[in-house]
Amino acid sequence: MDLLQLRYFQLVAHAENISRVAEELRVAQPSLSRTITRLENELGVPLFDRQGRRLRLNRFGAAFLERVERALGELDSARRELSDLARLDEGSVAIGAENLVVVQRVVADFVQAYPGVRVQLFSGTTEQVTARLTAGGLDLGLVSKPVDIPGIAQRALLEEEVLLAVSPNHPLAQRDRVSVAELADEAFITTSPDYWQRTVLDRIFCRAGLRPNIACEGDEPAALRNLIATGFGIGLLPSMARDYPGPPVAWLHIDDTFCRRTLHVIWRQDAYLPVAAQRFRDMAAERFAPNPPSD
């Protein structure tokens, strides 16, 4: 059994017509017929039911076709992967995230390691990132809201506590911890409901039987810290935000075990993931590990 036999069998199995496949391949029909017959002899079972000039894939052929397509698909993927590896210093990788600040250090690591690869970035809600990924416009997405869509694979990069940020002059600034009930009258700066920050805020207030007082709502998660620092209101920020540059704020823990978020990297299971994207995914996993490499 050789690769050519399997390729020929796959084509004939789909067309169920020797003459048509022979014409498409520009090979003699008798030669193609002998190839299929030789394959059947090697397997010890007929793969087709003959009805005059027409072939019908039988139960043996259907079972074999499923395995053949899986094997040939793996070989095709391996060929593309080797091609990618041979030219990993070129090409591009498209990444989507809810907040580009989250990926900035991974992008810096990646560009330093693969300077010839062009990195394309897209910022949007989890739904927008997922939609663009599904449509083929992105290779990877970094999202903090659950994605339960067939064909989309995901890998948790980190789970972290979500903290309360207040301006240095706020009455709570000297506190280390606060309950949700104590925040009932506070003005919150947050995102629209499409972003995870709002999801977490609504969740912890709902658990306390309260509703948050929203003073400012927007679609720029990266701007939250700057607005909070002005004293206009308070807001929720991920723990990792403490490591990023920005105006000074005070950080408090909230007494609710559900005040957390999980960052996932997502990709399509039914599409080949370029090696450059695989490398970026691996770097993201390393960067967000409990003990990431120092800068």
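A salt bridge is defined here as a side-chain nitrogen of Lys or Arg within 4 Å of a carboxyl oxygen of Asp or Glu. By this criterion the structure holds 13 salt bridges. The model is predicted: local features need pLDDT of at least 70, side-chain atom pairs count only at pLDDT 80 or more, and totals for chains, interfaces and linings use all residues. Residues are numbered from 1 along each chain as its sequence is written, and side-chain values use heavy atoms, with hydrogens and water left out.

**Salt bridges**

Side chains of opposite charge can pair when their charged atoms come close.

| E40 | R50 | 2.9 Å |

The salt bridge between E40 and R50 links distant parts of the chain, with E40 in helix α3 (residues 29-43) and R50 in strand β1 (residues 48-51), ten residues apart. Helices (H or I, at least four residues) and strands (E, at least two) are DSSP runs, numbered from the N terminus. Accessibility is classified by relative accessible area: buried means under 20%, exposed over 50%, and partly exposed in between (1.4 Å probe, protein chains only). E40 is buried at 8%, whereas R50 is partly exposed at 42%.

D256 is buried, with a relative accessibility of 13%, while R207 is partly exposed at 49%.

**Nonpolar cores**

A nonpolar core is a set of buried Ala, Val, Leu, Ile, Met, Phe, Trp, Tyr and Cys residues joined through side-chain atoms within 4.5 Å. The largest such core has 28 residues, and those with the most contacts inside it are F110, L140, L142, L157 and F288. At least two residues of this core come from each of β3 (92-97), α5 (100-113), β5 (140-143), β6 (152-166), β12 and α9 (275-287). Helix α9 supplies the largest share, six residues.

Contact means heavy atoms within 4.5 Å. Leaving aside neighbours within four places in sequence, F288 is in contact with V102, V106, L142, L157, L158, M240 and L263. Another core, of 20 residues, lies apart from the largest one and includes F188, V200, L201 and I204.

**Helix packing**

Axes are lines fitted to C-alpha atoms, for helices over the stretch in contact, and angles run from 0 to 180 degrees between N-to-C directions. Angles under 35 degrees count as roughly parallel, over 145 as roughly antiparallel, 65 to 115 as roughly perpendicular and the rest as oblique. A crossing is left-handed if the near helix is turned anticlockwise from the far one by less than a right angle, and right-handed if clockwise.

The axes of helix α2 (residues 18-25) and α3 come within 9 Å and cross at roughly 115 degrees; the two helices are therefore roughly perpendicular to each other. Their crossing is right-handed.

The crossing of α5 and α9 is right-handed. Here R105, V106, V107, D109, F110 and A113 in α5 meet A276, R279, F280, M283, A284 and R287 in α9.
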